Amino acid sequence: MEPQPVDRRVLGREVVLVLALSLGASGVSALISFIGSVTESRPLARQTARLIIDQAPGRPWLGLAWQVFSIVTALVPVALVAHLLARGGGSLRGTLGFSLGQKARDLGRGALVAAAIGGSGLCLYLAARAAGFNLTVVPSALSDVWWRIPVLVASAIQNAVVEETIVLGYLVHRLTALGWSRGRTVATSSLLRGSYHLYQGIGGFAGNVVMGVIFCLLYRRWGRVMPLVVAHALIDTVAFVGSVILAGHVSWLPKQ
């Protein structure tokens, strides 16, 4: 049976629901967190945003169970996007370019993007924190348990897959199908990316908006989200694992 054309109103509601179950909800949560931070008596730079925490301190197996649960459930919206695309005759692989079909090219492109974005992003974070616009970000607050590094790497990959398939590939694809202009689509995707990083402060918001614009332009040029998934995974892996290695050894990263 040939897939039937989808009504634009139905498509619009679909986008709203997908975002409400994933990164749109994260954006609202980050905004509430940011309001709480700016209304505190302490300046932003003296407040801390901990990204990955131990849900069961002193109980490593229970803590691992919570980490695995968090990673797996965070990927459910990606499965939903795959289902919705398939109902319209598309797929993550064919429609968004989320596949392993071009491993060497995707890895090379992703590594180059990660090097450029990661270095400039760190400089922006340090500048924003020094100016009092950003919280002190602690990527990992996990204790020294045996599963710490594997969980940090898995969390980095999960972040990359969720964000790039939804806020980049899926959202750009759907908004284009709805007839949105390129500029409006790029702005929406980029502002959404910035919104769910607002809990880190103005620097986190601004840096991720810029990252979103760059990723949107590269996605349109390459027609694949996979290089951007690789780039994002590398950036987060370096941040998460690096925080464990450097904590207490550099002044801008507090001891855990």
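What radius of gyration does the protein chain have, with 256 residues? The chain has 19 Å, which agrees with the value near 18 Å that a compact globule of 256 residues would have. The radius is taken over C-alpha atoms, and the globule rule is 2.2 Å times the number of residues to the power 0.38. Along its principal axes, the C-alpha trace spans about 60 × 40 × 30 Å.

This is a predicted model, in which local features need pLDDT of at least 70, side-chain atom pairs count only at pLDDT 80 or more, and totals for chains, interfaces and linings use all residues. Residues are numbered from 1 along each chain as its sequence is written, and side-chain values use heavy atoms, with hydrogens and water left out.

Start with the fold. The protein chain has ten helices and two strands. These are DSSP runs numbered from the N terminus: helices are H or I with at least four residues, strands are E with at least two. The order from the N terminus is α-α-β-α-α-α-α-β-α-α-α-α.

Now the packing. Contact means heavy atoms within 4.5 Å. Among contacts in the chain with a separation of 6 or more, 75% join residues 24 or more positions apart. Of the 256 residues, 44% count as buried. Buried means under 20% relative accessible area, exposed over 50%, and partly exposed in between (1.4 Å probe, protein chains only). The chain exposes about 13200 Å², and carbon and sulfur atoms supply 65% of that area. Accessible areas come from the Shrake-Rupley method with a 1.4 Å probe; for residues, only the protein chains shown count as cover.

Ser 155 lies in helix H7 (residues 148-177). Ser 155 is buried, at 6% relative accessible area. Beyond its neighbours within four places in sequence, Ser 155 is in contact with Ile 52, Ile 71 and Phe 240.

Phe 98 belongs to a loop, the one between helix H5 (92-96) and helix H6 (103-130). Phe 98 is partly exposed, at 23% relative accessibility. Leaving out residues up to four places away in sequence, Phe 98 touches Leu 92, Arg 93, Val 161, Thr 165, Val 225, Met 226 and Val 229. Ser 190 is 92 residues from Phe 98 in sequence and 19 Å away in space, C-alpha to C-alpha.

Next, the aromatic rings. The whole structure holds two aromatic pairs. In one of them, the ring centres of Trp 66 and Phe 69 are 5.9 Å apart and the planes stand at 85°, so the pair is edge-to-face. Rings of Phe, Tyr and Trp (its six-membered ring) pair if their centres lie within 6.5 Å; planes under 30 degrees apart count as stacked, over 60 as edge-to-face and the rest as tilted. Trp 66 and Phe 69 are three residues apart in helix H3 (residues 60-74), so about one helical turn separates them. Trp 66 is partly exposed at 40% relative accessibility, and Phe 69 is partly exposed at 48%.

A charge meets a ring elsewhere. The charged end of Arg 184 sits over the ring of Trp 180, 3.7 Å from the ring centre. The criterion is NZ of Lys or CZ of Arg within 6 Å of the ring centre and within 35 degrees of the ring normal. Arg 182 is in helix H8 (residues 182-195) and is exposed, at 56% relative accessible area.

Finally, the cysteines. The structure has zero disulfides (pairs of cysteine sulfur atoms within 2.5 Å). Cys 123 is exposed at 52% relative accessibility, whereas Cys 216 is buried at 1%.
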